[in-house]
Amino acid sequence: MAQPANLELVRVSKRYGATLAVDAIDLRVPADGYCCLLGPSGCGKTSTLRMIAGHEAVSEGDILIGDANVTDLPPAKRGTAMMFQSYALFPHLSCVDNVAFSLKMRGVDRAKRRAQAMEFLELVAMEPFAERVPAQLSGGQQQRVALARALITHPQILLLDEPLSALDPFLRVRMRGELRRLQRRLGIPFVHVTHGQDEALALADLVVVMNKGKIEQAGSPLEVFEKPATEFVARFLGGHNVVETPAGLIAVRADRVSVVAEASNAARLAAVVASVEYQGASYQVGLEAPGARDLSAVVGDAAFTKTPLAIGDRVGLAWLDADIHPLSPAP
Amino acid sequence: MAAGRDLDSYGAPGWLQAAPFALVFAAFFVLPLVFVVIVSFWDYNDYQMLPTFTTRSYVESFDGCLTDLPNLCTMFKTYVSTAKFCFIVWALTLVIGFTVAYFLAFYVRSATAQMTLFLVCTIPFWTSNVIRMISWIPLLGRNGLVNQLLVGAHVVDAPVEWLLYSPFSVALAFVHLFTFFMVAPIFNSMMRIDRRLMEAAYDAGASGWQMLTNVIIPLCKPGLAIGSIFVVTIVMGDFITFDEMGGEQIASAGKVIETRLGALQFPPAAANAVILLGATMLIIAVLNRIVDIRKEL
C-alpha cells in the first residue's frame, strides 16, 4: 500500500464563467481521517471533490497531497482514486476486468492483473461474482466492485462522490458501516461527498459543512452538532431551533427544549403547536412562534402521555441557560 | 414491456394494434420476396415466362463455376469484384464515419451545435443520388478541375486517366454518398455513452488512445455494426453508381440483375436477386456473430 498522506487545500476556488462555485476554501484532512463534505446541492462540495480528483481544473489556489503539489497533475498521477456517483462501472466488462482496468492501462499482463483484481474482489467479498457484468449485479454489489476498482491503484486518498445515494435506506446504513471499517483497515484518508447529515455524523472524523461555495464549519461530528457555528449549520444539521434574541441568534437543540404551560414563569417563548409526529420513543412537536421559524421540540413519550398536546394548543417553550448556543453570522 | 407475454394474452386489441404494420410488411416485403423466389424457379423463352418448375436460371447463372475451377466463372468474378468494392468502401466509410461521429459527439460541447452540425451532414440528401454522383464529373473528367490543376501545377505532364470511369471514381462516389449512413448510428451510440465512464477511465490512468480502444469502441459496437450493415447492403445491391462512375465498364452483382431485367428475362433476374440476397445475408450473419445486435439495442 502507498503511504497515507495528508490532503491540504489552500485557498482553492472554482469559477464557471461568472459564477463562483467554490470560493477560496482552506481545508486540511489528516492522513488517517474520514472526511465528509456535507451540504445542499449546488454548495460546491462535488466541485471541490472533483478538483481534488483532478477531473476539474482549479481556478485559483493549490491542492497538496503529502508533500506534493498536485494542482496541475492528471488524476492518475495524484495518488487519488475516485469512486463515482452511481459507480460508472464499464458495462461491457466483467467485474474482474472492471477492477483490473487500471492495471491494464499500465500494461500489466492479463494473468497477473486478473489475479490481483481477484484479491481486491475478495477484499469486498465479491469474488463469487467475478465473471458477471455490472448489469447483473444489485446496487450494493456494484458499489463493492466500484470500491475494489478504486482501491486497486493503491491510492493515498480515496474520493467518494455520494457513494450511498443510489442505495435503498436499509442497505445505506449497512454500507456506511462497511465504508468506515474499510477506511480504518486501509488507514488512508477518505473524502466523502454527501448531502445526508446523518451519514456525515455517523461516518466522519471531520465534517465539513459547505454552503454557497464556502466552508461554514469544519470539525468533528460532535463539535459540529453540539456547537454549530452559524445559522446555516444549525438548520442544515437539523435537531436545532434557531431563535432570535436581543443578544443575537442562538441555537437550542430540539431535545433540550421543554414544552410548558403558556403562563409558566419558565417560558421564554410563546408558541402554537403546528404538528405532532409520533416517533416511537418520543414525539416530535412542530411549533410556530413570531420571530422564529421551523421550531420543534422533542417530547418523551411518558411526558407526552401525561400532558398530551394537540395542534393549535398555545404553549410556552423553555430551556436552560446551559443549552443556549450563540451563533455567528455566515462567513 | 410485454416481458414474456405473447400477443395472444392481450386478446383482440393486441392483434388489432399489430395488424397495420404486419399488413404493410406482408404486402410490400414478404409477398414480393415470395414472388421473386417463385419466379426464380420458372422457365422462360425469348418472349415469355413459363410457369413450370426448373432450376435452369440457377444452373445458367453458375455456368462453369465448378468445372472451370481454379479459374473463376463470371458469377464468382462478379461477386469477388463487388465484395472487393464493398470491403474498400466499408473500411473507408467506417474510418471517416467514426472520426466525424467522434468529433460531433466528444469535441462539440454544446448540444445545439451538435444537432446543427449533424443536420448539416444531411444536407447532401436534399438532392438525388444521381445528381450527387454526376457532380463529380466536371471535377474528375479528363479536362476536369483536378486534371487542370495537376497539369497547371506541372505535377503531371498529361491528364490523369484513372480519375473518372474507374474503380477509383466508383469507390470515391460510394464513400461520398454513404459515409453518413455510418455517421448516424455511430453518433447515436456515442451519445449514449455515459460521460462518467470516460472520467472513470481517465481516473484509472487511460491515455486518449486507450480510452478509444478500451471504452469508446467497445461501447460503439452496435452503431458500428448497424452502420456496416447499411453500407454493405447498399453497395452489394447497387448498380447505378457502378454505371455512372464506372462508365458502364465495371461488373457488379446488382448490374447482373439489371441487365437481365433489361432483356426482360425475369426468371434469371429473380434467381440472381435470390443469390445476391443470400450473399448479403451471409455477410450480415458474420457481422452479427461479431456483435449481437439484438442484445446490444
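A residue is buried if 20 or more other C-beta atoms, placed from the backbone, lie within 10 Å of its own. A nonpolar core is a set of buried Ala, Val, Leu, Ile, Met, Phe, Trp, Tyr and Cys residues joined through C-beta atoms within 7 Å. This is a predicted model, in which local features need pLDDT of at least 70, side-chain atom pairs count only at pLDDT 80 or more, and totals for chains, interfaces and linings use all residues. Residues are numbered from 1 along each chain as its sequence is written, and chains are lettered from A in the order in which they are written.

**Exercise 1.** Describe the largest nonpolar core.

Solution. The core has 149 residues. Among those with the most contacts inside it are A:Cys35 and A:Val208. Helix H8 (residues 167–191) of chain B supplies the largest share, twelve residues; helices here are DSSP runs of H or I with at least four residues, and strands are runs of E with at least two, numbered from the N terminus.

**Exercise 2.** State which residues A:Val208 contacts, leaving aside neighbours within four places in sequence.

Solution. Contact requires C-beta atoms, placed from the backbone, within 7 Å. The partners are A:Leu27, A:Cys35, A:Cys36, A:Leu37, A:Leu38, A:Ile215 and A:Ala218.

**Exercise 3.** Characterise the contact between chain A and chain B.

Solution. Each of chain A and chain B gives 14 residues. On the chain A side, strand E6 (80–83) and helix H3 (101–105) give two or more residues, and H3(A) gives the most, with three.

**Exercise 4.** State how confident the prediction is for the complex.

Solution. The complex has an ipTM of 0.82 and a pTM of 0.81.

Technical notes. Two residues are in contact if their C-beta atoms, placed from the backbone, lie within 7 Å. A residue is buried if 20 or more other C-beta atoms lie within 10 Å of its own, exposed if 12 or fewer, and partly exposed in between; C-beta atoms are placed from the backbone.
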